[in-house]
Amino acid sequence: MKRSIALLLATFLILGALTFTACGGSNGSKTSFDEKILSFTTIGDLKKSGTEYEFITANSKLEDDGVVCQLSADASGAITIPAKYDDKEVIAVISENAENTQATSLNLENGISFIENCFTGSSAVESITLPASVKGIYNSFNASAVSELSFPTGVKYIVNSFNNCEKLNKIETTGYVYGINESFSNDAALADVTFSGSIQKIEGSFLKSGVTSLTFVENIHDIAESFNECPALTSFTVEQIAGGVNKSFNSCPALTDLVYKQGGEKISGSFNDGDVLENVDFGSGVGSISDSFENCPKFTLTEDEAE
């Protein structure tokens with residue numbers, strides 16, 4: 001009897017030790033994850049495969065032995081991406097199949113810097129948790145079901161992401177964002193947009209979005225080909241645009257108020273077809289204005305304002 005109990009106890013201890021090691025272990029050499037939906041590779045192997053990723057291109061100093069987590073095509077449910085794999089930091093998360101339609105939420109542990117090619121095909125993702133470590137989001141979350149987003153201060157690039165999101169109604173950026181490119185377009189429910197920090201450039205973004213009012217509390221350098229055909233946009237207030245506004249804010253039928261607090265360098269090809277635009281304040285003045293404010297029946301540029 002004693003021998004049977006001893007054998008049973010020994011077996012239990014062995015199994016327990018195996019289970020503990022698989023989930024992390026006392027030496028921390030392994031990380032708990034579902035091998036069916038997550039796999040890990042290196043930046044060097046990604047380069048050898050011939051597939052180009054924007055996060056690699058934009059960060060040439062990344063070492064080839066950097067670890068990347070890859071989502072499988074059938075990833076589903078709530079997904080957590082670990083920040084470490086075999087004691088190495090996970091730099092980015094990418095996807096085997098960009099659509100990943102079955103996942104409902106994505107949580108990134110702090111330490112991951114980039115997201116690319118994830119959740120772009122009418123996905124069910126409703127919740128996205130982004131840690132302070134995230135620097136860039138590329139070609140991801142298009143047509144997702146997320147409703148609110150708060151971007152941490154570390155985010156510098158949002159490229160070709162969050163387009164065609166029918167439920168997205170609120171976003172907020174903080175800190176310094178270098179570029180928002182080809183993102184947040186065709187988001188008809190996106191009414192609440194807050195930029196709490198400074199931005200270098202917004203380009204080809206927020207087209208046909210539902211934004212109702214727009215305020216930049218800090219400086220922005222350039223707005224190009226953005227915020228066109230926004231039917232609900234009523235006001236645009238900016239501290240200062242150092243570079244200028246180019247081919248933006250056209251065909252915004254509800255835009256009434258435009259306020260530059262400190263003026264700017266130039267406005268070109270913008271604010272055309274403004275049916276009700278009438279309250280315009282250029283602050284300390286705009287350097288040059290060309291091909292703008294056309295077909296605005298309630299507002300006419302003075303000779304001093306026009307180029």
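**Close-up views of selected residues**

**View 1. Asp-291 lies in the segment that follows strand β23 (286-290).** The model shown is predicted: local features require a pLDDT of at least 70, side-chain atom pairs are counted only at pLDDT 80 or more, and totals for chains, interfaces and linings use all residues. Residues are numbered from 1 along each chain as its sequence is written, and side-chain values rest on heavy atoms, with hydrogens and water left out. Strands (E, at least two residues) and helices (H or I, at least four) are DSSP runs numbered from the N terminus. The phi angle of Asp-291 is near 50°, a positive value in a residue other than glycine. Asp-291 is exposed, its relative accessible area being 56%; exposed denotes over 50%, buried under 20%, and partly exposed the range in between (1.4 Å probe, protein chains only).

**View 2. Glu-182 sits in the loop between β13 (177-181) and β14 (192-195).** Its phi angle is near 50°, a positive value in a residue other than glycine.

**View 3. Phe-162 and Phe-236 touch the most other members of the largest nonpolar core, which has 68 residues.** Such a core is a set of buried Ala, Val, Leu, Ile, Met, Phe, Trp, Tyr and Cys residues joined through side-chain atoms within 4.5 Å. Not counting residues up to four places away in sequence, the contacts of Phe-162 include Ile-128, Ile-137, Phe-141, Leu-149, Phe-151, Leu-168 and Phe-184, as well as Ser-140, Asn-142, Ser-185 and Asp-187; a contact requires heavy atoms within 4.5 Å. Another core, of twelve residues, lies apart from the largest one, with Ile-43, Leu-46, Ala-92 and Val-159 among its members.

**View 4. Tyr-157 and Tyr-178 form a tilted aromatic pair, 5.6 Å centre to centre with 50° between the planes.** Rings of Phe, Tyr and Trp (its six-membered ring) pair if their centres lie within 6.5 Å, and planes under 30 degrees apart count as stacked, over 60 as edge-to-face and the rest as tilted. Tyr-157 belongs to strand β11 (residues 157-159) and Tyr-178 to strand β13, so the pair ties together parts that are 21 residues apart in sequence. Tyr-157 is partly exposed, at 32% relative accessible area, and Tyr-178 is partly exposed, at 40%.

**View 5. Phe-184 and Phe-206 form a stacked aromatic pair, 5.1 Å centre to centre with 15° between the planes.** Phe-184 lies in the loop between β13 and β14, and Phe-206 in the loop between β15 (199-203) and β16 (213-216), so this pair ties together parts that are 22 residues apart in sequence. Both Phe-184 and Phe-206 are buried. The structure holds 22 aromatic pairs.
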